[in-house]
Amino acid sequence: MTEDRLIELIEAWGADPSAFPEAERAAARSMLAAQPARFAAAIAEARALDSALARLPEILPSAALTERLVASAPRPKAATSGFRLPKFAPWAPASGFAALAAGLFMGVMVAPAASASSDTSEVESVIEHALGYDPAAFTEELGE
Amino acid sequence: MAFTSDLDQITRAAAGDPAAVRALVNRYSPGVLSLATRMLADRAEAEDVTQETFLRAWKALPGWEPRAKFSTWLHRVALNLCYDRLRKRKESLPGELPDMADTRLAPHEALDQSQRVSAIEGAIGALPERQSAALTLCALQGHSQAEAADILEISVEAVESLLARARRTLRAQLLEGRTSP
């Protein structure tokens with residue numbers, strides 16, 4: 001530590017050696033303690049500016065600004081209760097076409113058998129009896 | 001410790017945890033607003049810069065990687081936004097000299113506290129922008145030399161040089177009543 005260097009430190013960082021760069025702090029303190037009169041003027045000037053700066057009021061955000069900052073933040077993710085479809089799944093169009101094709105195929109295979117069923121009249125008869133409906137009487141009424 | 005705590009709060013804020021968001025705002029908005037106010041000498045513009053800084057922070061949170069301290073990153077963003085605004089001010093006033101307030105105090109003048117504060121604030125606002133930033137970060141906000149160097153993206157030695165020039169100018173204007181060379 002030289003005298004010139006100590007003057008530079010005081011001029012840059014102020015009168016308090018604790019604000020000096022850590023690597024030079026101890027040496028600066030030693031020199032100040034050894035020759036207080038030599039650096040008294042520099043310390044006094046620096047201290048006057050330090051106290052002028054310390055008098056500046058703290059700048060704090062208003063409550064309104066704080067609320068605007070909070071409101072601009074990301075929203076909480078919505079709670080996921082039960083099954084939710086994903087917004088986009090690359091396989092979705094393919095699966096839709098597959099389902100459509102399977103449906104058409106099943107329809108083509110099953111339709112002829114269903115329409116040609118010989119069980120249809122038997123089923124109708126069971127339902128008519130269950131409802132208390134007599135087809136023979138109905139035919140007679142029509143004949144009258 | 002603060003670093004770990006930051007990371008935890010950043011992770012929770014990115015997921016939209018309101019308490020973590022508010023904690024980050026409460027912890028860092030005073031420093032950002034103070035830096036912007038000292039740099040721009042305009043409260044409304046400083047609030048705009050603070051809002052823009054936090055908007056950028058919210059966007060950056062989901063992919064945040066702790067390579068730098070959140071505080072350092074936030075102040076650097078704010079500072080760059082201030083530089084942009086100061087550059088635009090100069091561009092919008094072509095050919096005009098910057099408005100330098102006469103902040104010198106005559107020794108016989110008995111200024112009250114508010115006048116002194118105004119004089120000091122005016123003198124800081126009239127400093128070259130990087131000197132003003134270095135002074136605000138180190139002398140007013142108490143950032144360490146290394147933090148200030150990171151925010152300003154310069155070496156610690158360069159921070160010291162900026163501080164020395166800033167303090168010399170302020171001393172000349174405020175305490176000695178003369179213009180710095």
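1. At 37% relative accessibility, R165(B) counts as partly exposed, because its value falls in the band between buried (under 20% relative accessible area) and exposed (over 50%), with a 1.4 Å probe and protein chains only. R165(B) is found in helix α8 of chain B; helices here are DSSP runs of H or I with at least four residues, strands are runs of E with at least two, and both are numbered from the N terminus. The C-alpha atoms of R165(B) and L127(B) are separated by 9.4 Å, although the two residues are 38 apart along the chain.

2. The model is predicted, with local features needing pLDDT of at least 70 and side-chain atom pairs pLDDT 80 or more, while totals for chains, interfaces and linings use all residues. Residues are numbered from 1 along each chain as its sequence is written, chains are lettered from A and ligands numbered from 1 in the order in which they are written, and side-chain values use heavy atoms, leaving out hydrogens and water.

3. The mean pLDDT of chain A is 75, and 53% of its residues score at least 70; pLDDT is the predictor's confidence in each residue, from 0 to 100. A contact means heavy atoms within 4.5 Å.

4. For chain B, the average pLDDT is 85, with 82% of the residues scoring at least 70. In residues 97-101 of chain B, pLDDT stays under 50, and the model gives this stretch one contact beyond four places in sequence.

5. Chain A is built from seven helices and zero strands, in the order α-α-α-α-α-α-α along the sequence. Of its 144 residues, 22% count as buried. Chain A exposes about 10200 Å², of which carbon and sulfur atoms supply 64%; these areas come from the Shrake-Rupley method with a 1.4 Å probe, and for residues only the protein chains shown count as cover. When contacts in chain A between residues at least 6 apart in sequence are considered, 50% join residues at least 24 apart.

6. Chain B has eight helices and zero strands, and its pattern reads α-α-α-α-α-α-α-α. Buried residues account for 45% of the 181 residues in chain B. The accessible surface of chain B is about 9000 Å², and 53% of that area belongs to carbon and sulfur atoms. Among contacts in chain B between residues at least 6 apart in sequence, 63% link residues at least 24 apart.

7. Two packed helices are described by the angle between their axes and the distance between the axes. In chain A, helix α1 (residues 3-13) and helix α2 (residues 22-34) pack at an angle of about 110°, with axes 11 Å apart. That makes α1(A) roughly perpendicular to α2(A), because 65 to 115 degrees counts as roughly perpendicular, under 35 as roughly parallel, over 145 as roughly antiparallel and the rest as oblique. The axes are lines fitted to C-alpha atoms, for helices over the stretch in contact, and angles run from 0 to 180 degrees between N-to-C directions.

8. The residues of this packing can be listed. From α1(A), E3(A), R5(A), L6(A), L9(A) and I10(A) meet E24(A), A28(A), M31(A) and L32(A) of α2(A). By class, the contact comprises six nonpolar, no polar and three charged residues; Ala, Val, Leu, Ile, Met, Phe, Trp, Tyr, Cys and Pro count as nonpolar, Asp, Glu, Lys and Arg as charged, and the others, Gly among them, as polar.

9. E121(B), in helix α5 (residues 113-125) of chain B, touches L56(A), P57(A) and R38(B), not counting residues up to four places away in sequence. E121(B) counts as partly exposed at 31% relative accessibility. Its C-alpha atom is separated by 9.8 Å from that of T37(B), 84 residues apart along the chain.

10. A41(B) has phi near 50°, a positive value in a residue other than glycine; A41(B) sits in the loop between α2 (18-40) and α3 (43-60) of chain B and is exposed, with a relative accessible area of 60%. For E153(B), phi is near 60°, again positive in a residue other than glycine. E153(B) lies in the loop between α7 (145-152) and α8 (156-175) of chain B, and is exposed at a relative accessible area of 52%.
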